[in-house]
Amino acid sequence: MVFGEGLRLISGGVMAGVATALLLSRVLQSFLFEVAPTDPVTLIGVAIFFTGVSLLACWVPTHRAAKVDPAEALRYE
């Protein structure tokens, strides 16, 4: 459940980031050297990289929480 919610946030953020990058491509052109601002390989590569890092950041706490015995967690509270 936590991982799914994180995945929804990640996908929304990546889509918003790609859309913003495409909208601001003229501004970004001055920062990029030998790469077109709308290069699909670069945009897809960066989106995959950020998605992977974000999924790892969601998976670590989810994995730790899954290891806890529910009865022990309820007793702790």
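These are my notes on the chain shape and a few residues I looked up in this predicted model.

**Ground rules.** I number residues from 1 along each chain as its sequence is written. Since I'm working with a predicted model, local features need pLDDT of at least 70, side-chain atom pairs count only at pLDDT 80 or more, and totals for chains, interfaces and linings use all residues, while side-chain values use heavy atoms, with hydrogens and water left out.

**Overall shape.** I started with the secondary structure and found four helices and zero strands; helices here are DSSP runs of H or I with at least four residues, strands are E runs of at least two, and numbering goes from the N terminus. Along the sequence I read α-α-α-α. The radius of gyration is 18 Å, well over the 11 Å that the globule rule gives for 77 residues, so the chain is more spread out than a compact globule. That radius is taken over C-alpha atoms, and the rule is 2.2 Å times the number of residues to the power 0.38. I also boxed the C-alpha atoms along the principal axes and got roughly 60 × 20 × 15 Å.

**Surface.** Buried residues come to 9% of the 77; I call a residue buried under 20% relative accessible area, exposed over 50%, and partly exposed in between (1.4 Å probe, protein chains only). The chain exposes about 6500 Å², with 71% of it from carbon and sulfur atoms. Those areas come from the Shrake-Rupley method with a 1.4 Å probe, and for residues only the protein chains shown count as cover.

**Ser25.** Which helix holds Ser25? I found Ser25 in helix 2, and its relative accessible area of 14% makes it buried. Leaving out residues up to four places away in sequence, Ser25 touches Pro37 and Thr38 (contact means heavy atoms within 4.5 Å).

**Phe31.** I placed Phe31 in the loop between helix 2 (25-29) and helix 3 (40-67). Phe31 is exposed, at 59% relative accessible area.

**Thr51.** This one sits in helix 3. Thr51 counts as partly exposed because its relative accessibility is 23%. Not counting residues up to four places away, Thr51 touches Ile10 and Val14. I also checked Thr51 against Leu7: they are 44 residues apart along the chain, and their C-alpha atoms are separated by 8.6 Å.

**Gly13.** I found Gly13 in helix 1 (residues 2-23), partly exposed at 43% relative accessibility.
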